[in-house]
Amino acid sequence: MTLEEVEEEIPLSFALAPREDHLPLTPEQERVYDKVVKSLGTFVPFLLHGVTGSGKTELYFQWGKLCLEQGKGLLVLIPEISLTPQYIRRFTARFGQEVAVLHSGLTARERLQEWLRIREGRARVVLGTRSALFAPMDGLGLIVVDEEHDTSFKQEESPRYNARDLAVVRAQMEGCPVVLASATPSLESYYNALQGRYTLLELRERIGGTLPSVEIVDMTQEKGLFSRTFFESLKRALEAGGQALVLLNRRGYAPFLMCSACGEAVRCPNCDITLTFHRDPPVLKCHYCGHHQSPLDRCPWCQGEMRVLGVGIQRVEEELKSLFPDLKVARMDRDALSGRKAHWEVLQALEEREVDLLLGTQMVAKGHHYPAISFVGVVLADVGLHLPDFRAAERTFQLLTQVVGRAGRGGQGQAVIQTYMPSHPAVVYAARQDFLGFVEEELERRKALGYPPFSHMARVLFTGTRKEKVEEAAWKIAEDLRQGAKGVEILGPASAPLARLKNRFRWHLILRGQSRKRLLALLATLPQRVGSVKVQIDMDPYGVL
Ligand SMILES: [Zn+2]
Ligand SMILES: [Zn+2]
């Protein structure tokens, strides 16, 4: 392919949106705007904490406009799932052909085309996911990392890097400011702000609407899937012509197929996990290795009757359809949608009001701005809270805050959170949209337990097909590490919470220390394998399952 051929393609990001003017800023936005503007031309890391709907994106636009006027560029990083046509359109409406979009779904040809436009300076507003961090921009004015708390910024395959942290490094090299923004910043970033390493910017007011009123429903006092409060609020919102968003962060129809006589559940033959029951067609699936098999009627051990237990999103869909037969429901999860296009089509249908209710897993919580959504319901907030992971509360808080924050962007909104743990801090503070309250309590807890951000942490994972070899390797490495470990605490070895995955046994070690340098030096001594056992290092792990 020659350059001329590439030239002739219409840039895919230029979605021919009608041009829009910049909106007037509120006094609060104005203050935040000015602070960053004063730093243009120097490296200053900012953390922008703005409540949901506080007009963060408008600020990106206006900073971008100023950058362009100064002959410089704007780079905006955003999580994969939040990079929707709607989001792209908002940028092209302001910047027209100056916008280039980079994401993992581009063909090689499209990618090349966008890179050329960027390198030649024809597109100076670059919008993209993780890998856009390496866009060949000359003269960067500002880097923004939107939804900075999102786990997708961390690349899970080697090389394991966190785009959010690398964005700060690139800004330093370019000598420009970087803005990490979120309604629910990660505790690490917020702690950096408290320590004075980042400059904190805050937006506390919602624009063009008020924060939704939120009710927590104690499900220990209720029967069935939906409480009366949930049902009545949803009904009212729909009758008033609003749209609704319903979250249950669990795929499938039910998480277990269990014997009613002996209590044995059907497990994956390759992983240490129960199989999830899916409907239409009925199948048992492993969400980790992809194994699937047809459901059993009778228990293979005692011939007892098998029953589905617990609730997954497909069951919620079934129940909603029986309660509201005329309701137009769209489901958004990995089983209902295959790929970016399907995801985008559902959002399009929602925007065009062809859908009354959007039901989904955590996918629905990400960055969508739909003013007609007046009700948000969380079927069960507890999913994820019980995971043996020190970030479980933080993740749940972020998810609940983000999804509840989708209600009432265009007026008054209402949200209902159903839970068996109505006094859990993650639930209580999310209901109040009180980030600071949550952070204060969670930091206290992390400090007491010596978890990040009060320490640096790494996980060493050992995997192999022979259990005793894996265990042996873990013990041997643990011993070696302890010899040289000065100022680094070594916890374990122990069997990982997910003890077997894809037919590989898993053991792990957790390393913890005050000095990141020492920790890295110690990790550098590790081999990649011990015999047939694979040794993997995860610095700053997002999870330890
Ligand atoms: Zn049985
Ligand atoms: Zn499996």
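## Arg 307 and its surroundings

In this predicted model, Arg 307 touches Phe 256, Leu 257, Met 258 and Ser 260, leaving aside residues up to four places away in sequence. Arg 307 belongs to strand E14, which covers residues 306–309. Another residue to look at here is Ala 261: 46 residues separate Arg 307 and Ala 261 in sequence, and their C-alpha atoms are 9.8 Å apart in space.

Is Arg 307 buried, exposed or in between? Its relative accessible area is 48%. Buried means under 20% and exposed means over 50%, so a residue between these limits counts as partly exposed. Arg 307 is therefore partly exposed.

## The chain as a whole

The protein chain contains 15 helices and 23 strands. Its radius of gyration is 25 Å, close to the 24 Å that the globule rule gives for 545 residues, so the chain is as compact as a globular protein of that length. Along the principal axes, the C-alpha atoms fill a box of roughly 75 × 65 × 55 Å.

Of the 545 residues in the protein chain, 54% are buried. The accessible surface comes to about 24,200 Å², and carbon and sulfur atoms account for 51% of it. Taking contacts between residues at least 6 apart in sequence, 77% join residues that are at least 24 apart.

## Domains

The chain is divided into domain 1 (3–203), domain 2 (213–250 + 312–447), domain 3 (251–310) and domain 4 (456–539). The centres of domain 2 and domain 4, taken over C-alpha atoms, are separated by 37 Å.

Strand E16 (residues 357–360) is covered on both faces. Leu 357 and Leu 359 are buried on one side, and Leu 358 and Gly 360 are buried on the other.

Which strands pair with E16? One is strand E9 (residues 243–247), which runs parallel to E16 and is joined to it by four bridges. Within this pairing, Leu 245 has Leu 358 as its bridge partner in E16. Strand E15 (residues 329–332) also pairs with E16 in the parallel sense, again over four bridges. Here Ala 330 stands opposite Leu 358. From E15 the chain passes through helix H10 (residues 339–351) to reach E16, a β-α-β crossover that is right-handed.

## Helix H7

Helix H7 (residues 187–194) has seven of its eight residues buried, so it is largely enclosed by the rest of the structure. The buried residues are Leu 187, Glu 188, Ser 189, Tyr 190, Tyr 191, Asn 192 and Ala 193.

What covers the buried residues of H7? The cover includes three strands, E1 (45–50), E6 (178–182) and E7 (199–203). It also includes helices H6 (163–174), H11 (392–404) and H13 (435–449). After H7 comes Gly 196, with a positive phi near 85°.

## A three-stranded sheet

Three strands form an open sheet in the order E11-E12-E13, and their pairing is antiparallel. Strand E11 (276–278) and strand E13 (292–293) are the edge strands, each pairing on one side only.

Strand E12 (residues 283–285) is joined to E13 by two bridges, and these two strands run antiparallel. Lys 285 has His 292 as its bridge partner in E13.

Conventions
Residues are numbered from 1 along each chain as its sequence is written. Chains are lettered from A and ligands numbered from 1 in the order in which they are written. This is a predicted model: local features need pLDDT of at least 70, side-chain atom pairs count only at pLDDT 80 or more; totals for chains, interfaces and linings use all residues. Side-chain values use heavy atoms; hydrogens and water are left out. Buried means under 20% relative accessible area, exposed over 50%, partly exposed in between (1.4 Å probe, protein chains only). Contact means heavy atoms within 4.5 Å. Two strands pair if DSSP finds at least two bridges between them. A crossover is right-handed if, with the strands pointing away from the viewer, the path from the first strand over the helix to the second runs clockwise. The radius of gyration is taken over C-alpha atoms; the globule rule is 2.2 Å times the number of residues to the power 0.38. Accessible areas come from the Shrake-Rupley method with a 1.4 Å probe; for residues, only the protein chains shown count as cover. Domain bounds come from an automatic or database domain assignment.
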